[in-house]
Amino acid sequence: LYEGVNRCNQAINLLKASNYALKDRRIAEMKFLRGHFYFMLKIIYNQIPWFDETVSESSDIVKVSNTQYTSDQLWQKILDDFQAAYEGLPDSQTDPGRPTKMAARAYMAKVYLFTKQWQKCAEASDEVIKSGKYKLLPNFRDVFLPEDNNSSESVFAVQCSINDGSDNNYNGNPGDRLLPPGGPYPSYGFLRPSQNLVNAYKTDANGLP
């Protein structure tokens with residue numbers, strides 16, 4: 001996750017120094033991704049070191065404390081990235097997998113949910129729903145079919161590929177970096193449930209809750 005944060009920060013610095021025509025949009029995309037990485041770090045580890053593109057030297061990064069900011073301040077910084085993405089991203093993108101304005105708004109709703117800002121969560125969620133860009137598929141099982149990738153249910157989806165010329169089909173693998181928590185080497189594992197979720201499904205000797 002921090003590798004992702006670091007790459008976003010490097011990309012933002014490179015973009016800021018460029019004359020690229022889509023510079024502002026790409027910076028908004030990087031802030032969306034950085035917000036995603038920090039969102040996952042926050043809900044998994046709670047008190048986390050936070051640094052942006054102004055802290056680039058590895059010698060400085062390792063000095064950043066996980067108590068530099070309070071929990072509320074960390075949530076606000078994550079929200080700020082998604083707010084910047086919401087303001088800078090277009091309503092739609094030609095390339096599948098690129099974040100959009102409503103994808104950023106959906107993440108804002110999730111931040112509001114975790115911080116118990118119920119009214120703001122409802123307002124952000126309503127905006128995404130009423131945008132008309134998303135709807136449920138008629139059959140739930142269809143969501144998991146390859147032909148339904150990037151369907152009307154996808155607000156933001158990681159794009160992976162094989163047979164694209166990358167060594168050892170490498171592009172079929174990095175998607176797991178956007179899907180934590182993973183397991184420790186060599187056991188591995190992706191999208192492992194939290195202990196709270198495991199506890200919610202505990203059963204007695206008879207297999208009952």
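**Close-up 1. Packing of helix α2 against helix α5 in the predicted model.** Helix α2 (residues 23-45) packs on helix α5 (residues 101-114) at an angle of about 25°, and their axes lie 11 Å apart. This makes α2 roughly parallel to α5 (angles under 35 degrees). Phe32, His36, Phe39 and Ile43 of α2 meet Ala103, Ala104, Tyr107, Lys110, Val111 and Phe114 of α5 (contact: heavy atoms within 4.5 Å). Of the residues in this contact, eight are nonpolar, one is polar and one is charged.

The model is predicted, so local features require pLDDT of at least 70 and side-chain atom pairs pLDDT 80 or more, while totals for chains, interfaces and linings use all residues. Residues are numbered from 1 along each chain as its sequence is written, and side-chain values use heavy atoms, without hydrogens and water.

**Close-up 2. The aromatic pair of Tyr2 and Phe51.** The whole structure holds 13 aromatic pairs (ring centres within 6.5 Å). Tyr2 and Phe51 are stacked, at 5.9 Å centre to centre with 15° between the planes (stacked: planes under 30 degrees apart). Tyr2 belongs to helix α1 (residues 2-16) and Phe51 to the loop between α2 and α3 (58-61), 49 residues apart. Phe51 is buried at 6% relative accessible area (buried: under 20%).

**Close-up 3. The edge-to-face pair of Phe140 and Phe144.** The ring centres of Phe140 and Phe144 are 5.3 Å apart, with planes at 85° (edge-to-face: over 60 degrees). Phe140 is exposed at 63% relative accessibility, and Phe144 is exposed at 60% (exposed: over 50%).

**Close-up 4. A cluster of aromatic rings.** Ring pairs join Phe32, Phe39, Trp75, Phe82, Tyr107, Phe114 and Phe156 into a cluster.

Definitions and conventions: Axes fitted to C-alpha atoms, helices over the stretch in contact; angles between N-to-C directions. Helix = DSSP H or I, 4+ residues; strand = E, 2+ residues; numbered from the N terminus. Parallel < 35°, antiparallel > 145°, perpendicular 65-115°, else oblique. Nonpolar A, V, L, I, M, F, W, Y, C, P; charged D, E, K, R; others polar. Phe/Tyr/Trp six-rings, centres within 6.5 Å; stacked < 30°, edge-to-face > 60°. Buried < 20%, exposed > 50% of the residue type's maximum accessible area, 1.4 Å probe, protein only.
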